[in-house]
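Colleague: I would like to learn how to read a helix and its surroundings in a model. Can we go through one case together?

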Amino acid sequence: MSKQGILIEHLSKRFGSGDTAVTALKDINMQVSPGEVVGLIGPSGSGKSTLLKCLGAVISPTSGRMTLGGSVIFDNGWKMNDLSALRRDKIGFVFQAPYLIPFLSVLDNVALLPMLAGVPNREARERAMNLLSSLDVQHRAQAEPVRLSGGEQQRVAIARGLINQPPVILADEPTAPLDSKRALAVVRILNDMARQFETAVIVVTHDEKIIPTFKRIYHIRDGVTHEEVGEGRHVG
Ligand code: ADP
Ligand code: MG
């Protein structure tokens with residue numbers, strides 16, 4: 001079993017209690033190695049977003065175990081005191097809806113996290129600009145987010161999720177609003193990042209354009225994961 005990356009064992013999540021309780025996750029088991037990008041697929045309401053939120057320490061699982069980068073972070077309870085530090089330093093989120101800060105430029109939306117982590121502003125903005133360029137949205141760097149199209153906003157949100165080079169990236173439908181060429185560009189960037197920085201990446205998706213690119217896929221059905229071999233089609 002890999003010591004690094006992501007390991008999830010027998011994870012469950014129940015919302016509420018008594019008659020109105022909803023068991024969103026029953027028995028989730030996943031392993032993602034450093035440098036690997038896996039797909040997570042399942043029908044609407046199968047628990048995909050709930051799983052990413054548990055793994056990202058946004059909500060608490062009910063039971064089970066999660067290990068990130070060799071450290072057990074949850075074992076029937078959180079094993080870390082500072083969950084906000086865990087979220088900031090270890091996990092890059094790329095959410096479905098791009099939560100960009102409206103009064104900051106596109107560039108500063110992306111540069112904000114490294115600036116908060118103490119990287120000099122100039123260096124943070126340079127890094128942000130490089131990432132915006134690889135996502136083909138550098139010409140919008142000085143614009144307000146609200147001026148951008150949905151697809152442009154999504155690419156900026158992806159840049160923001162990647163900027164700190166976190167060991168774990170969790171992406172929820174990152175390519176949904178993008179055309180085929182740009183969707184595949186996003187997958188290529190995630191794969192490049194994963195290889196270069198030994199990042200473990202989980203991509204939740206319905207997107208038929210990108211599903212053939214995964215070497216391994218986890219399906220969720222009724223709150224239980226099933227591992228499958230994917231096509232692993234090359235994206236170049
Ligand atoms: P997916 O992302 O696969 O569409 P979700 O993880 O959003 O699915 O939801 C899984 C199940 O958990 C659904 O039945 C949903 O209604 C339920 N659920 C999600 N969040 C909550 C919540 N905060 N309170 C109660 N039930 C929830
Ligand atoms: Mg969802």
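Predicted model: local features only at pLDDT ≥ 70, side-chain atom pairs only at ≥ 80, totals over all residues.

Colleague: Which residues of H3 are buried?

Modeller: Buried means under 20% relative accessible area (1.4 Å probe, protein chains only). Helices are DSSP runs of H or I, at least four residues, numbered from the N terminus. In H3, the buried residues are Val106, Leu107, Asp108, Asn109, Val110, Ala111, Pro114 and Met115. Helix H3 spans residues 106–116 and is largely enclosed by the rest of the structure, because 8 of its 11 residues are buried.

Colleague: What do the buried residues of H3 pack against?

Modeller: They pack against helix H4 (121–134) and helix H5 (150–162).

Colleague: At what angle do H3 and H5 pack?

Modeller: Axes are lines fitted to C-alpha atoms, for helices over the stretch in contact (heavy atoms within 4.5 Å), and angles run from 0 to 180 degrees between N-to-C directions. H3 and H5 pack at about 20°, with their axes 8 Å apart. H3 is therefore roughly parallel to H5, a term for angles under 35 degrees.

Colleague: Where is Pro61, and is Pro61 buried or exposed?

Modeller: Pro61 lies in the loop between helix H1 (48–55) and strand S4 (63–68); strands are DSSP runs of E, at least two residues. Pro61 is buried, at a relative accessible area of 7%.

Key
Residues numbered from 1 in each chain as written. Chains lettered and ligands numbered in written order. Heavy atoms only, no water. Buried < 20%, exposed > 50% of the residue type's maximum accessible area, 1.4 Å probe, protein only. Parallel < 35°, antiparallel > 145°, perpendicular 65-115°, else oblique.
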